[in-house]
Amino acid sequence: MTAVVSISNLLRRYWAVALIVVGWQIWVSAAGLSSIVLPGPLAVATDFAGDPLSYAGPAGLTFLVAIAGLLLGFLLGAGLAILSWSSRILNGLLTPLGLIFTSIPVVTLIPIIARLLGYDVRTVVAIVSLICFFPAFVYVGAGLRALPPGSDDLFRVFGGSQLQRFVRLVLPSAVPNLMLAFRLTAPEAVLAAVVAEFLMGTDGLGYLFRKAAGEFDTERALATSLIATITSVACFGLALAAERRVLRRWT
Amino acid sequence: MSDKPAIRIDRVSKTFRLGDGNELSALVDIDLTIAPGEFVALLGPSGCGKSTILRLVAALEGATAGRVTIEGKAPADLCQSHRLGVAFQDHALLPWLDIEANVALPFHLAGRSVDKAQVKDLISLVGLAGFEKARPKQLSGGMRQRASIARALVLEPEVLLLDEPFGALDAVTRRQMNVELQRIWSRHSITTLLVTHSVDEALFLADRVVVMSGRPGRIILDLPAPFARPRAPSVMRDPAFHDMVDRLTEALEPEGAHA
Amino acid sequence: MTSARSQSFVLGLIGVSLFLIAWEVIGTYRLAGLTWPPLSTVLAFLTTPAKLPLFGRAAAASFTSVAIGYLCGACGGLILALASHLIAPVRPGLDRLVAVIHAIPSIALAPLLIVLASADATPPIISGLGVGYIFYVAATSGLATASATHRDLFAVLGASRFSVTLRLDLPSALPAIASAMKLSVPIAFIGAIIGEWFGASRGLGLLIVSAMQNFQIPLLWSAVLITAVASLAMFALFSLTERLVQERMR
Ligand SMILES: Nc1ncnc2c1ncn2[C@@H]1O[C@H](COP(=O)(O)OP(=O)(O)O)[C@@H](O)[C@H]1O
Ligand SMILES: [Mg+2]
């Protein structure tokens with residue numbers, strides 16, 4: 001009974017994805033495409049199942065690099081947001097720059113950073129943190145100014161000092177926005193890491209993909225993208241869980 | 001109790017400058033004296049400037065003309081020495097703190113160590129015992145308002161300011177809260193300024209009821225509420241109470257309406 | 001009020017100028033090495049008449065991809081959102097499909113698309129997928145923002161499903177859609193550029209990677225600058241549109 005319910009639930013959510021996967025398989029089989037041109041999902045799954053551990057190392061590395069870049073970017077972005085909150089002049093100077101950098105395709109800066117810092121894992125971390133920096137700066141900056149209604153007056157009447165106001169009111173107010181930015185940026189961090197690895201040829205899923213594609217091992221290339229997708233979704237899932245957890249405590 | 005006034009509002013006017021460059025005259029020539037330990041209720045139609053008076057006393061706004069003093073000093077001094085308690089219509093509880101921590105917040109802001117017993121006492125005084133660890137969103141509107149009143153009282157302030165603290169509650173809950181507030185107040189007898197637009201509430205709670213007219217706000221009536229304390233809800237059925245309700249209601253009606 | 005606004009405008013101008021000056025100074029004194037050219041060098045390179053056809057062709061190719069991707073993505077996202085709004089049972093499935101497609105790294109999509117379509121069709125498709133995602137998410141949530149009271153009113157007045165959608169849900173969704181128009185601009189550019197990194201035969205993206213691999217520093221910076229300025233201009237235009245819509249809908 002419950003099995004039927006959960007299958008129908010699964011179907012309700014994933015019918016469109018399933019349709020595409022099945023359609024792809026049928027098309028590949030019917031057209032008789034060679035697996036170099038385009039392998040079907042079955043062939044990709046078989047390739048992955050044949051040697052799943054060979055993906056673990058690069059996937060782990062990409063994941064770690066993405067997380068490191070994400071945290072670094074958030075630390076810097078949130079730090080600058082706090083600095084700019086504390087000074088009206090700094091805020092005035094930085095706000096339009098923040099806006100400009102959120103409105104341009106920051107990903108196109110990857111080749112510039114790669115040239116500036118050299119082809120290296122640390123460069124990948126720097127690129128990921130650059131991608132994460134701007135959302136963190138913008139969202140945390142907005143959060144620092146979104147205080148609960150009436151709370152500002154309350155702190156003034158109770159005679160709280162500026163420091164108390166900052167620690168007990170302003171910083172906690174920014175937490176929901178911080179978590180929101182975290183959830184939105186986490187999957188992008190993985191994608192940015194993969195793109196950077198691909199362009200520079202440094203270790204990780206991006207490089208694995210590039211090598212496979214270069215050797216016309218299309219099954220392996222697609223299996224790698226599947227792993228990258230799963231890593232990105234996992235990052236999103238973790239960030240979403242963290243956000244829900246924090247919001248439960250925070251609001 | 002000395003006869004020096006606790007709160008003195010000395011011929012105060014307040015003009016707001018609006019975003020479009022126009023000016024809005026919210027209060028004109030308000031003169032009001034509140035004695036130590038006195039409970040004054042401020043009645044008036046909405047928009048007449050009641051909250052503005054309260055915010056002037058709380059040092060949240062500055063007067064355009066005239067002067068507000070508390071015990072002869074600027075209201076901001078009282079804030080700085082953490083001797084003012086306040087509850088707004090919007091409870092203004094911090095969502096990330098539980099009820100206990102919200103009530104204890106004024107201790108932190110005053111840089112004092114938290115008097116746990118005092119926090120616990122006040123929480124049970126406002127009828128929230130057992131909800132110490134609950135978050136604001138888990139409580140009903142009435143419970144949140146009670147928590148914000150406990151927070152206003154926790155430092156045993158010398159002056160208590162209440163801006164329509166029960167405005168968002170239904171009539172039954174509101175009456176219950178009035179009874180509880182009067183019970184709490186009679187234990188502490190703090191100088192209190194209550195803003196409300198309920199005539200019953202004002203008469204039931206206050207020593208004196210002050211009525212304001214619509215914009216720009218002026219004081220048009222200042223009546224004592226001569227009912228013996230402690231007051232039971234049955235005082236509202238007293239004919240003298242009814243007479244005063246009628247007088248105040250008439251004063252609140254816009255000019256020309258009772259021609 | 002107005003003086004505060006003009007003050008923040010002046011501060012912002014100073015901020016941007018400081019940024020440009022820093023760019024110039026770092027380049028001039030080689031503070032970040034040889035791969036950071038001064039702004040003036042990049043601008044001089046960019047405006048060399050001999051380079052104009054090169055940039056012109058690349059930009060034309062990329063901007064065409066952006067325009068096609070943006071339009072198709074926007075329409076596709078809106079149509080899917082309307083479908084999932086009108087036909088409730090398909091909603092969960094479409095939500096998942098859109099989320100899964102969005103989670104696939106574009107570098108992984110590119111080779112698939114090159115096989116399924118062609119190398120030159122890949123940039124607009126990746127661009128369109130990114131744009132479509134933003135529009136789908138914004139429009140589905142926007143279509144659900146009408147208040148319960150308004151819905152009740154329409155029900156009491158006996159409005160059909162179609163006229164509720166047309167006269168209530170769509171207008172309520174306009175602000176969200178206007179935001180999506182703005183927010184998807186950089187996404188459209190990213191999609192086109194990344195698409196070109198996988199073997200397109202022309203475009204700014206191609207220029208950027210080949211300049212990176214061949215150490216053509218001023219060329220690299222110039223191509224990135226063109227992309228950024230184009231995205232910024234389009235973003236500014238749609239910010240204005242968004243502002244107008246929000247004013248109108250208030
Ligand atoms: N910060 C402000 N800026 C401009 N006008 C204000 C401001 N605060 C209050 N007002 C105006 O002053 C008048 C009195 O407001 P208020 O004291 O809140 O009235 P009440 O509390 O009696 O309803 C209203 O017309 C209101 O619009
Ligand atoms: Mg008011």
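This is a predicted model: local features need pLDDT of at least 70, side-chain atom pairs count only at pLDDT 80 or more; totals for chains, interfaces and linings use all residues.
The volume of the second largest cavity is about 30 Å³. Three helices, namely α9 (205–214) and α10 (218–250) of chain A and α5 (106–116) of chain C, each contribute at least two residues to the lining. Of these contributions, the largest share is that of α10(A), with three residues. Sorted by class, the lining holds seven nonpolar residues, two polar residues and no charged residues. Rolling a probe the size of a water molecule over the atoms shows where empty space is left.

Chain C brings 51 residues to the contact, and chain A brings 44 residues. The size of an interface is often given as the accessible area lost when the parts come together. Between chain C and chain A the buried area is about 4,200 Å², and carbon and sulfur atoms give 81% of that area. Within chain C, the residues Ile107(C), Trp197(C) and Met212(C) account for 15% of the area that the chain buries against chain A, more than any other three residues.

What kinds of secondary structure does chain C contain? Chain C has 10 helices and zero strands. The C-alpha trace of chain C spans about 70 × 60 × 30 Å along its principal axes.

Helices of chains A and C also line a pocket. The second largest pocket has a volume of about 880 Å³. There are 30 residues in its lining, and the closest to the pocket centre are Phe101(A), Ile104(A), Leu109(A), Phe19(C) and Trp23(C). From chain A, the helices α4 (88–103), α5 (110–117) and α6 (121–144) each supply at least two lining residues, as do α1 (2–28), α2 (39–46) and α10 (217–249) of chain C. The lining of this pocket comprises 29 nonpolar residues, one polar residue and no charged residues.

Chain B contains strands that are arranged in sheets. Strands of a sheet pair through backbone hydrogen bonds, either parallel or antiparallel. One open sheet of chain B has three strands in the order β2-β1-β4, with antiparallel pairing. Why do β2 and β4 of chain B each have one side without a neighbour in the sheet? Both β2 (23–34) and β4 (65–70) of chain B stand at the edges and have a single partner strand, so one side of each is left without a neighbour. On average, neighbouring strands of this sheet are turned by 25 degrees against each other, direction ignored. Eight bridges pair strand β1 (residues 7–17) of chain B with β2(B) in the antiparallel sense, and Ile9(B) stands opposite Leu32(B) in β2(B). Helix α1 (residues 50–57) of chain B lies across β1, β2 and β4 of chain B and runs at about 115 degrees to β1(B).

A further open sheet of chain B has six strands, ordered β5-β6-β7-β3-β8-β9, and its pairing is mixed. Here β5 (84–87) and β9 of chain B are at the edges with a single partner strand each, so one side of each lacks a neighbour in the sheet. From one strand to the next, the twist averages 15 degrees. Strand β3 (residues 39–43) of chain B runs parallel to β8(B), and four bridges join the two; Leu43(B) stands opposite Val211(B) in β8(B). Helix α1(B) packs on this sheet too, where it touches β3, β5, β6 (159–163), β7 (191–196) and β8 of chain B, and its direction makes about 155 degrees with that of β7(B).

Note on methods:
Residues are numbered from 1 along each chain as its sequence is written. Chains are lettered from A and ligands numbered from 1 in the order in which they are written. Side-chain values use heavy atoms; hydrogens and water are left out. On a 1 Å grid over the protein atoms alone, a cavity is a set of points where a 1.4 Å probe fits but cannot get out, and a pocket is an open set with protein on both sides within 12 Å along at least five of seven lines; lining residues have an atom within 4 Å of a point. Grid points are joined across faces, edges and corners, and a volume is the space filled by probe spheres set on the points. Ala, Val, Leu, Ile, Met, Phe, Trp, Tyr, Cys and Pro count as nonpolar, Asp, Glu, Lys and Arg as charged, and the others, Gly among them, as polar. Two strands pair if DSSP finds at least two bridges between them. Axes are lines fitted to C-alpha atoms, for helices over the stretch in contact, and angles run from 0 to 180 degrees between N-to-C directions. Contact means heavy atoms within 4.5 Å. Buried area is the accessible area (1.4 Å probe) that two parts lose on being put together, summed over both.
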